[in-house]
Amino acid sequence: MKTSIATVSISGNLREKLEAIAAAGFDGIEIFEQDFVADIGSPREIGNMIRDHGLEITLFQPFRDFEGLTGDLRQRAFDRAARKFDVMDQLGTDTILFCSTLHPKALGGIDRAADDYRELGEMAAPRGIKVAYEALAWGKYVWDHRDAWETVRRADHPNIGLCLDSFHSLSRGIDSNSIHAIPGDKIFFLQLADAPLIEMDYLYWSRHFRSMPGEGDLPVVDFMRAVAATGYSGPMSLEIFNDQFRGGSPRGLARDGYRSLINLTDQVQRAEPTTVLGQPALPAPTKIDGVEFIEFASHGAEADKLATTLTQLGFSHAGQHKSKRVALWRQGAINIVINTEEAGFAHASYATHGTGVCDIGLRVDNAAATVTRAQALGAVPFAQEVGPGELVIPAIRSVGSSVMHFLDETSGLDRVWDVEFDHLDTDTTGAGLTRVDHVAETMSYDEMLSWSLFYTSLFEMGKSPMVDVIDPDGLVRSQAVETPDGALRLTLNGAETHRTFAGHFLADSFGSSVQHIAFETGDIFATMEGIVARGFKPLDMPQNYYDDLAARFGLAPELIEKMQALDILYDEDAQGQFFQVYSRPQAGGLFFEIIQRCAGYNGYGAPNAPFRIASQKRHMRAKGMPSR
């Protein structure tokens with residue numbers, strides 16, 4: 001199937017949209033009438049401009065309030081249609097969308113509507129125009145694709161067909177299996193959109209909260225499987241209305257749209273191997289075995305301070321790169337790299353963001369296949385000059401401004417520490433930290449959907465429901481994205497204002513992505529005693545927190561006392577218990593976390609976030625004070 005997107009789906013003027021859509025790799029566009037009317041070009045000039053971008057016009061839309069009218073109103077509707085057909089001839093497109101009516105004077109009845117569309121078909125046929133009839137979820141009489149299909153069936157005209165839209169059908173809870181009864185050649189067009197599950201008016205929901213397939217909660221894959229089973233072979237097109245997208249980057253939105261369609265077709269083809277959707281087969285979503293390394297870019301005194309913090313956390317300087325100013329710090333299965341090179345990507349990252357995470361290495365089942373899939377989904381490969389004896393490790397540009405490397409055992413890339421580093425004779429047992437539990441990334445709220453789509457389309461990862469984190473100065477939206485076995489956990493935190501702790505981090509670091517890293521331990525009390533003895537100072541929690549903790553959970557007084565002495569926070573759910581400790585914020589707002597999961601607890605201590613943030617803000621500069 002050809003890929004298409006409605007021009008209304010992304011921000012910018014028509015010319016900016018066309019550039020972005022073409023760059024993303026789409027085959028065509030639905031030209032939305034408002035975009036067309038607002039442009040200074042004539043219909044013929046606009047059509048030629050679209051084709052000059054290598055795109056075709058898959059649909060002209062929308063035509064509203066056509067069927068069910070009488071007398072002069074009916075004649076005016078046919079006259080309007082004739083004028084739109086003239087415009088289509090000049091644009092160079094042959095398919096138009098007609099929406100089910102909302103007209104206050106329209107009369108109901110499928111036979112009445114079918115008669116109107118049969119007559120319209122007679123008018124469209126000499127021009128070679130196809131009319132795709134769509135059931136709006138809020139239509140006056142027709143809001144179900146089954147009724148729209150019955151209207152088309154009774155119209156019984158070769159130029160009248162159906163437009164299926166996943167949002168209109170799925171928002172109404174209509175069973176996608178009902179699509180199997182529709183012949184594929186009578187489906188003239190397919191529109192796709194996802195959305196979060198929200199109880200609200202259908203029109204408002206549609207106009208403000210649609211998202212790319214895979215970014216919401218609707219069963220779009222099941223819908224697409226049903227459409228594919230009919231034999232439909234026309235365009236699959238995105239039609240997205242979303243307040244977040246209206247001010248976003250046209251190129252970023254178009255890239256996400258293309259990524260969502262390729263991922264959707266891949267999911268359908270995996271679920272239905274006999275289905276042919278015209279897209280090349282992709283490597284399967286990557287299985288992640290864990291975090292191999294986290295690399296910090298730093299320099300001078302800041303690098304020394306970071307090394308001191310790692311030492312306090314129980315890490316040991318375990319190795320030095322053979323040819324670069326790159327140090328390996330290790331504890332348990334955790335590898336932290338501090339890169340103080342004065343050239344290359346890490347140096348550029350430090351120059352832009354200051355000390356921060358510039359690179360994450362993941363252990364995967366197949367590194368080369370991971371990059372192949374990533375490229376097919378629109379990711380950009382990353383490479384820089386490789387020194388003598390260094391391994392060529394597959395990598396891509398990740399979300400934000402970072403890089404992601406992939407290492408696997410089969411290709412020998414997991415030998416990087418032995419090949420590229422001289423090992424120091426140090427004890428890496430440390431204070432009991434065993435692995436990276438999760439990495440927390442911060443972005444503007446408008447970017448959250450894009451980041452979650454990036455991860456869930458590339459890797460075997462699912463997402464949790466979004467939650468609100470209350471900051472004293474605003475709201476932060478948070479969503480976990482994780483592998484089924486927890487080998488990789490990410491928390492995505494969307495800041496709506498720079499006044500929040502997360503927003504402050506974004507502003508101070510000029511858009512660095514990783515704000516905090518959580519390490520796991522099997523005994524948080526022993527770990528804390530060990531690192532406090534090394535000079536670690538945890539984020540201090542007030543007496544009020546522990547008084548409230550005792551009231552909420554009924555914990556033994558001696559346990560509360562032990563936690564308070566070490567500033568340990570606590571949460572529990574139906575599965576188990578959770579203990580966590582935070583470091584005090586480093587320069588710019590970066591911080592570390594130590595956690596212990598007990599008996600199947602799978603959350604992140606979200607109820608503690610407001611108290612953690614309030615304490616972190618007490619360690620920041622006063623409001624209104626300049627950073628320099």
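Colleague: Which residues of α15 are buried?

Modeller: The buried residues of α15 are M448, L449, S450, W451, S452, L453, F454, Y455, T456, S457 and L458. Buried means under 20% relative accessible area, with a 1.4 Å probe and protein chains only.

Colleague: What kind of model is this, and how are residues numbered?

Modeller: This is a predicted model, in which local features need pLDDT of at least 70 and side-chain atom pairs count only at 80 or more, while totals for chains, interfaces and linings use all residues. Numbering starts from 1 along each chain as its sequence is written, and side-chain values use heavy atoms, leaving out hydrogens and water.

Colleague: How much of α15 is covered, then?

Modeller: Helix α15, residues 448-458, is mostly covered, with 11 of its 11 residues buried. Helices (H or I, at least four residues) and strands (E, at least two) are DSSP runs numbered from the N terminus.

Colleague: Which residues does I396 touch?

Modeller: Two residues of α15, F454 and L458, are among those that I396 touches. Contact here means heavy atoms within 4.5 Å.

Colleague: Where does I396 lie, and is I396 buried or exposed?

Modeller: I396 belongs to strand β14, residues 395-397, and counts as buried because its relative accessibility is 0%. The C-alpha atom of I396 is 4.1 Å from that of P381, although 15 residues separate the two along the chain.

Colleague: New topic: where is Q596, and what does its side chain reach?

Modeller: Q596 sits in strand β25, residues 591-598, and is buried, at a relative accessible area of 13%. Its side chain reaches the backbone nitrogen of I524 at 2.9 Å, and a polar atom of that side chain lies 3.0 Å from the backbone oxygen of G522.

How values were computed: Buried means under 20% relative accessible area, exposed over 50%, partly exposed in between (1.4 Å probe, protein chains only). A polar contact is a pair of N or O atoms within 3.5 Å; within protein, one must be able to donate a hydrogen and the other to accept it, and residues adjacent in sequence count only if both atoms are side-chain atoms. Lists of a residue's contacts leave out its neighbours within four places in sequence.
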